[in-house]
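This report goes through the helices, surface and side-chain contacts of the chain shown below. Keep the sequence and the coordinates at hand while reading.

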Amino acid sequence: MPWYVKLLAALVVGYLFSPIDLIPDFIPVLGYMDDLVIVPLGLLLVVKLIPEEVLAEHREAARGGKDVPKK
């Protein structure tokens, strides 16, 4: 998998667990909206950037077609 996809995935997870938000959580509605928008969009972008061969291989392994994915 390309390094930039791994980096983007790490950044999305880091943002999710980070105490620093773009909009503070104490603001009634908008505080959680940034988490509800940025994290799913980031994950969607990560999945779209993963090469199709890698995604297909791991989906097949998840269905039980293989024991261990190729490296």
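Helix α3 consists of 12 residues, and the distance from its first C-alpha to its last is 16 Å, close to the 16 Å expected at 1.5 Å a residue. Like everything else reported here, this comes from a predicted model. The buried residues of α3 are Leu55, Glu57 and Ala61. These residues cover an arc of only 165° around the axis, so they sit on the same side of α3. On the face turned away from that buried side are the exposed residues Glu52, Ala62 and Arg63.

The structure holds one salt bridge. Its partners are Arg63 and Glu60, whose closest N and O atoms are 3.4 Å apart; a salt bridge is counted when such atoms lie within 4 Å. Both residues belong to helix α3 (residues 52-63), where they are three residues apart, about one turn of the helix. An α-helix has 3.6 residues a turn, so residues three or four places apart point the same way. Arg63 has a relative accessible area of 64% and is therefore exposed, since exposed means over 50%. Glu60 has a relative accessibility of 34% and so counts as partly exposed.

Val5, Val12 and Tyr15 are the buried residues of α1. Seen down the helix axis, they fall within an arc of 90°, and therefore they line one face of the helix. The face of α1 turned away from the buried side carries the exposed residues Trp3 and Phe17.

The count of aromatic pairs comes to one. Trp3 and Tyr4 make up this pair, with 6.0 Å from centre to centre and 85° between the planes, an edge-to-face arrangement. The label follows from the angle, because planes over 60 degrees apart count as edge-to-face. Trp3 is exposed, because its relative accessible area is 65%. Tyr4, at 42% relative accessibility, counts as partly exposed.

## The loop between α1 and α2

Ile20 is placed in the loop between α1 and α2. Is this residue buried or exposed? At 64% relative accessibility, Ile20 counts as exposed. Ile20 and Val47 are 27 residues apart along the chain, and their C-alpha atoms are separated by 25 Å.

## Helix α2

Helix α2 has 20 residues and reaches 29 Å from its first C-alpha to its last, close to the 28 Å expected at 1.5 Å a residue. Its buried residues are Gly31, Asp34, Asp35, Val39, Gly42 and Val46. They cover an arc of only 105° around the axis, so they are on the same side of α2. The face turned away from the buried side of α2 carries the exposed residues Leu36, Leu41 and Lys48.

One of the residues placed in helix α2 is Gly31. Its relative accessibility is 0%, so Gly31 counts as buried; the limit for buried is under 20%. The C-alpha atoms of Gly31 and Asp21 are separated by 8.2 Å, with the two residues 10 apart along the chain.

## The nonpolar surface patch

Which residues form a nonpolar patch on the surface? The patch is formed by Leu22, Phe26, Ile27, Val29, Leu30, Tyr32, Met33, Leu36, Val37, Ile38, Leu41 and Leu44, with about 1200 Å² of accessible area together. Leu36 and Leu41 are also among the exposed residues on the face of α2 turned away from its buried side.

Met33, another of the patch residues, lies in helix α2 (residues 30-49). At 38% relative accessibility, Met33 counts as partly exposed.

Key:
Residues numbered from 1 in each chain as written. Predicted model: local features only at pLDDT ≥ 70, side-chain atom pairs only at ≥ 80, totals over all residues. Heavy atoms only, no water. Phe/Tyr/Trp six-rings, centres within 6.5 Å; stacked < 30°, edge-to-face > 60°. Buried < 20%, exposed > 50% of the residue type's maximum accessible area, 1.4 Å probe, protein only. Patch = residues over 30% accessible without salt bridge, like charges linked within 9 Å, V, L, I, M, F, W, Y side chains within 5 Å. Areas by Shrake-Rupley, 256 points an atom, 1.4 Å probe, with all protein chains shown as cover. Salt bridge = Lys/Arg side-chain N within 4 Å of Asp/Glu carboxyl O. Helix = DSSP H or I, 4+ residues; strand = E, 2+ residues; numbered from the N terminus. Arc of directions from axis to C-beta. Expected span 1.5 Å × (residues − 1).
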